[in-house]
Structures are given as C-alpha cells and as structure tokens.
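User: I have just opened this one and would like a careful walk through its side-chain contacts. Could you take me through it?

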Amino acid sequence: MWRHYYERWGSMTIDQLGSEMIGLVPDLSKYVPPARTFDKHVYSPWTGTGLHQQLRNAGIDTVIITGGETDVCVLATMLGAIDWGFRVILVTDALCSSADETHDAMMNVYLNRFGEQAETVKTQTLLDSWPGRARARRAS
C-alpha cells in the first residue's frame, strides 16, 4: 500500500524533495543535542522506533504535539500517545494540513471527541505556562 501512496505523492520522497528539505530548520537544530530527533518511515512515530520506551526511560510522561498533516501524522501521533498512556497536549495553532476541510474536521474531532484524553492549548498559552519561563517572569 505504501507503493500506491508514493505513486500518488511522489513529491513527498527524498528523491524529489531533496535531502536538504527533510532536516530540522536551523532555529530548531541548534537544540540538538541535548534534544533528540526521531526519524519515522510511516505516519506514526510509535511504530518501529522504540519512541515510547525512550520517552519512558527518560522519565517523560507528557507529549506536546505540533506539526503538519492534522488528519494524518498528527492523528497517528496523538492516538499512539494516548494508547501508550502519555499526557497529550495539542497546540492548536501549531497544526496544519494540506487540506483545509479535513484539518477543520479533525480539529473538531480533537476538541470534541478526545477532550478527556488530549488537552488543547494555543502556542502563547503553552509558552506562558512553561516552567522555566514562568519562574523567569516571577523573578523579574
């Protein structure tokens, strides 16, 4: 089935994108290390990566989700995180999709169907509540 996908979406292959288009942007890459990156070869980052175990071994219990394709990769990431028992935070203004109609439909699903299992916030709310940032604001 992946062959059919790449026949339809050949523009998503490294051959057509170019290797320079699959790395982190410089503003993010400066954080690696200590941050880590995970390559995935399917929609879900939980399949074939050991991601859940690496997060658990690091004592991480919360996953903050941003990214592209609200109705595909974001969905797979969110459902896997819920299945593995992580606290899930979706940053609603940091999600996008190539199809507005399905993006809007999935945002409705996220907000209404998964409200007990996933929290939703805006970027500024997340940043304002970040522990180090909150301490810095109190000190100033």
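User: Which residues do ring pairs link into a cluster?

Analyst: Ring pairs link Trp2, Tyr5, Tyr6 and Tyr43 into a cluster, where rings of Phe, Tyr and Trp (its six-membered ring) pair if their centres lie within 6.5 Å, and planes under 30 degrees apart count as stacked, over 60 as edge-to-face and the rest as tilted. This is a predicted model, in which local features need pLDDT of at least 70, side-chain atom pairs count only at pLDDT 80 or more, and totals for chains, interfaces and linings use all residues. Residues are numbered from 1 along each chain as its sequence is written, and side-chain values use heavy atoms, with hydrogens and water left out.

User: How many aromatic pairs are there in the whole structure?

Analyst: A search of the whole structure finds 6 aromatic pairs. One of them joins Tyr5 and Tyr43 edge-to-face, at 6.0 Å centre to centre and with 85° between the planes. That pair links distant parts of the chain, since Tyr5 is in helix H1 and Tyr43 is in the loop between helix H3 (26–29) and helix H4 (51–57), 38 residues apart; helices (H or I, at least four residues) and strands (E, at least two) are DSSP runs, numbered from the N terminus.

User: And Tyr43, what is its relative accessible area?

Analyst: Tyr43 has a relative accessible area of 31% and is partly exposed, given that buried means under 20%, exposed over 50% and partly exposed in between (1.4 Å probe, protein chains only). Another aromatic pair, Trp46 with Phe86, is stacked, at 5.5 Å centre to centre and 25° between the planes.

User: Are Trp46 and Phe86 buried or exposed?

Analyst: Trp46 is buried at 9% relative accessible area, and Phe86 is buried too, at 5%.

User: Switching to charges, how many salt bridges does the structure hold?

Analyst: The structure holds 2 salt bridges, each being a side-chain nitrogen of Lys or Arg within 4 Å of a carboxyl oxygen of Asp or Glu. Glu7 pairs with Arg3, their closest N and O atoms being 3.3 Å apart, and both lie in helix H1, 4 residues apart, about one turn of the helix. Arg87 and Glu119 meet in a salt bridge at 2.6 Å, N to O, and this pair links distant parts of the chain, with Arg87 in strand S2 (residues 87–96) and Glu119 in strand S3 (residues 118–121), 32 residues apart.

User: Which ring does the charged end of Arg8 sit over?

Analyst: The charged end of Arg8 sits over the ring of Trp9, 3.9 Å from its centre, a contact that requires NZ of Lys or CZ of Arg within 6 Å of the ring centre and within 35 degrees of the ring normal.
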